[in-house]
Structures are given as C-alpha cells and as structure tokens.
Amino acid sequence: MNTSAFLHCLIAQPTYSGQIAHTEHIPPREASYAELGKPLVASLHDCLNKHGLLPLYTHQAEAVNNVRQGKNVIVVTSSASGKTLCYNIPVLQTILTEGGSCALYLFPTKALAQDQLRGLQGLFCPELLAAEEFATFDGDTPRAERAEIRKRAKVILTNPDMLHVSILPNHHQWSRLLRHLRYVVVDEAHTYRGVFGSHVACVLRRLRRLCNLYGSNPQFICCSATIANPSEHAERLVGLPFEVVNNDGSPHGGKDFIFWNPPIIDEAKSLRRSANSEATTLFTELVSRNICALTFARTRRLTELIYTYSRRRLAEVNPALTRKIKAYRAGYLPQERRQIEQELFSGQLLGVVATTALELGIDIGDIEATVLTGYPGSIASTWQQAGRSGRGRDESMSFLIGLDNPLDQYFMRHPDYFFHKSVENA
C-alpha cells in the first residue's frame, strides 16, 4: 500500500481543510531470532516447522526457556508479535511428554477465546492432539457438551467470569483439571486493572488455593500489551513473582501514523466538524480504494451511526461496496460476531466499524489501515488499536481523529508528547 499516494489523494479533495495536524513515520523493523535452550519433542518441532513458525523470535525463545525453567512469565510485546506461541509451545510440550497434564487459558472476551481455539485446532490437530482435547467453556457452551469437556479436554479456554461462577464453585466436578493443572495462561493481562482487576486477582488466588487442595501448583504465563509496570502488575494480579520478557524480536512493516484534526466550523464557539463525519470520510475513502480498513468508535451507538453513514456514502459511489463493510459490537449474537470475524479474516470484507471489542488480539487478517475516532483514553490503548493494522511486513497507516475536547486537542497540537512519552502503568 502506497500511504503517501493515499494521503496526497486526501489533500487534493475539495473537502480537505488542513486536517492533517501531524504525520509520524514509524520505520520497518527486521526480525531477530534465537534458539531454545533444550530441543522440543520431535512431533511438536515438526508441526511448528510445517506451519512456518520456526525459527522463533527472540522474545518467544526467551519466554519458552523461562517457562521450561519453572518460572512464571509475563510477555510484554507489540500487537501481532506472536505472543500465543510463548505459551502454546511449553503447554503442548508438557502435554505431549507428561500424560494427563492440563492447561487453563483465560481470555477477557468470548470472541478472543473462540479465535484462539480456531488457531489451536488449525495448528495442532490432528497431528498432535484430537480436536476435542481443546475446548472453550463459557456462557455460549451448550450444556449438553459441558460434561464431555470436563472429562476429556486438556486445554480449556474460558474467561475470569466463567471461572468465578461455574468452575471454582463446582470444583469437585473439575477435580481432573485441578489435579493435573500445569499451566494457567492469562492473556491480555493489561485489561485486568482497577476494580475489575482486583476482582480477577481474588479469583486467581482462589484458583491457586483449590489447586493446592488438589495437589497441583500451576505456573502462570501472562501476556500483555505494552505497559510501564509489567512485573508489578503481574505480581499483584496473581500473587507470585514473575519474569518479564519484553525483548520484542518480531518484524513489522513501516507505518504512517496521522493525527487528523477536524476543521473549525465556528470560530466564535471554537466548534469543529464532527469527528464521526471525518471518520466516515476516511473510512469510505479507504474502502473505495480497496484498502482493508478498521474504524474504532467509542460507543455501540456511534458504531452503528458511522456504519450507516458509510453505507449511504458508498451507495452513491459504488453500491457493490456496501456489501463489503459491516459493523461489529457487543450485543450481536455470537454466531453473527464469529461470521464477521471470519469474513474479515478471509478477505470477504473490506472494512469494519467496531467498538473496542476488536481492540484485543483476535486474528482478523491483514488490515491495512485503522481509524481511531477520538483518543481512546490511554497511550497503551491507542497503540493497541493502531496496531490492528500492519500485522505483517507490509506498510500500513493509522489515523487518530481529534475530538473537540482539551485532551484530544492537546495531542493534536503537541504530537511529540504522544510519540515520545512512555505508556502508562496498569
């Protein structure tokens, strides 16, 4: 994707009124690799090699080596850096070499658990394990299947709420899992902060007490977006010492990060053009030029609003493109959300307008551009959303549209404060 050509087209349009406040070019980065301290079991090594996942990036090898030494690990690297392998490799290695071993994966959303389940089954079934040995257990799981999951699954993917209301209170039904539990994976650990994080911390301590009752002592592997205090956060969350892995060895293509400030339409009131209107313009321009784009809105209502505006505008330009975009938010049926994720991943869709539900690490394929309607509230969250584009080695772009409030306008006027300031503590 030629980002400079696209920006030139935007500037040449009659609606352009100097909205580009700043353009930050983030250069591409080459991959760096490392070796494992001890070789993997042959079948696992061959499977990873077959899928093109070897050699491992430096952070992947470091994380796996630390886990195999018995340490609790928190991995803090960028979006699309291959963090899932940091826990999947030691988990599969243990399950294949130690009969009966189990693992529990915790994700903040059901959509993320479903996405990870698809990834696990696609990588490791049927060569290493049967498909039914991986299972999600959440509110969408049919009751008829739950007993079989308790009996057979070796890797169970769930969320903290389900762990709290279903698994721990009925621990006698989960005795097999708790007795043989070797690993607990806490993905997107940065989401467990504040009051919600304190609740999850209590749930994890309750899980550790029950594991102790059943004679197990699982290791914890946490993954997080970039935060300033990963060790402190993980230790407060779980109550155990952690080793931090933050030497990101993954490659990424170059990115142009554009701060887009809506023009003033009323000087007396300092009133600017609607950020939703600007998001609609950018989104439809991207889609109409066959650039796969993801637009983030702050609320469900605004998601539907921008989606409706975009459909109307595309219908005037190219009616066929109206079928190439969709909205994505909480409140849709699980089947609808899974279908949209799959259509985006497979390339059937060119664009999606979403809430922060797609901010987390669901694999949605090669998004080339992201549009953020307003500053998300933290630098870490901004990079999370912007990082949904450019997950491969190709060039990408991200737009941050400034809202009409003091904080957004400060960033529009002082972009260096954003790009040179470290991310926040969790």
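Buried means under 20% relative accessible area, exposed means over 50%, and partly exposed lies in between (1.4 Å probe, protein chains only). The model is predicted, so local features need pLDDT of at least 70 and side-chain atom pairs count only at pLDDT 80 or more, while totals for chains, interfaces and linings use all residues. Residues are numbered from 1 along each chain as its sequence is written, and side-chain values use heavy atoms, with hydrogens and water left out.

**Exercise 1. Find where Asn66 sits, decide whether Asn66 is buried or exposed, and list its contacts.**

Step 1. Asn66 belongs to helix α3. Helices (H or I, at least four residues) and strands (E, at least two) are DSSP runs, numbered from the N terminus.

Step 2. The relative accessible area of Asn66 is 8%, so Asn66 is buried.

Step 3. Contact means heavy atoms within 4.5 Å. With neighbours within four places in sequence left aside, Asn66 is in contact with Lys71, Val73, Glu243 and Val245.

**Exercise 2. Describe how helix α3 is enclosed and what follows α3.**

Step 1. The buried residues of α3 are Thr58, His59, Gln60, Ala61, Ala63, Val64, Asn65, Asn66 and Val67.

Step 2. Helix α3 covers residues 58–68, and nine of its eleven residues are buried, so α3 is largely enclosed by the rest of the structure.

Step 3. After α3 comes Gly70, which has a positive phi, near 90°.

**Exercise 3. Work out the strand order of the parallel sheet and the helices that pack on it.**

Step 1. Strands pair if DSSP finds at least two bridges between them. Seven strands form an open sheet with parallel pairing, in the order β6-β7-β5-β8-β9-β4-β10.

Step 2. The edges are held by β6 (134–136) and β10 (243–245); each has a single partner strand, so one side of each is left without a neighbour in the sheet.

Step 3. Axes are lines fitted to C-alpha atoms, for helices over the stretch in contact, and angles run from 0 to 180 degrees between N-to-C directions. With direction ignored, neighbouring strands of this sheet are turned by 15° against each other on average.

Step 4. Strand β4 (residues 73–76) runs parallel to β10 and is joined to β10 by three bridges. Val73 stands opposite Glu243 in β10.

Step 5. Helix α10 (residues 230–238) packs on the sheet and touches β4, β8, β9 and β10; its direction makes about 135° with that of β4. Helix α3 lies across β4, β8 (181–186), β9 (219–224) and β10, and runs at about 160° to β10.

**Exercise 4. Describe the largest cavity and its lining.**

Step 1. On a 1 Å grid over the protein atoms alone, a cavity is a set of points where a 1.4 Å probe fits but cannot get out; lining residues have an atom within 4 Å of a point. Grid points are joined across faces, edges and corners, and a volume is the space filled by probe spheres set on the points.

Step 2. The structure holds one cavity of 30 Å³ or more. The volume of the largest cavity is about 70 Å³.

Step 3. The residues that line the largest cavity are Leu10, Gln13, Thr15, Tyr16, Gln19, Trp260, Arg273, Glu278 and Thr281.

Technical notes:
On a 1 Å grid over the protein atoms alone, a cavity is a set of points where a 1.4 Å probe fits but cannot get out, and a pocket is an open set with protein on both sides within 12 Å along at least five of seven lines; lining residues have an atom within 4 Å of a point.
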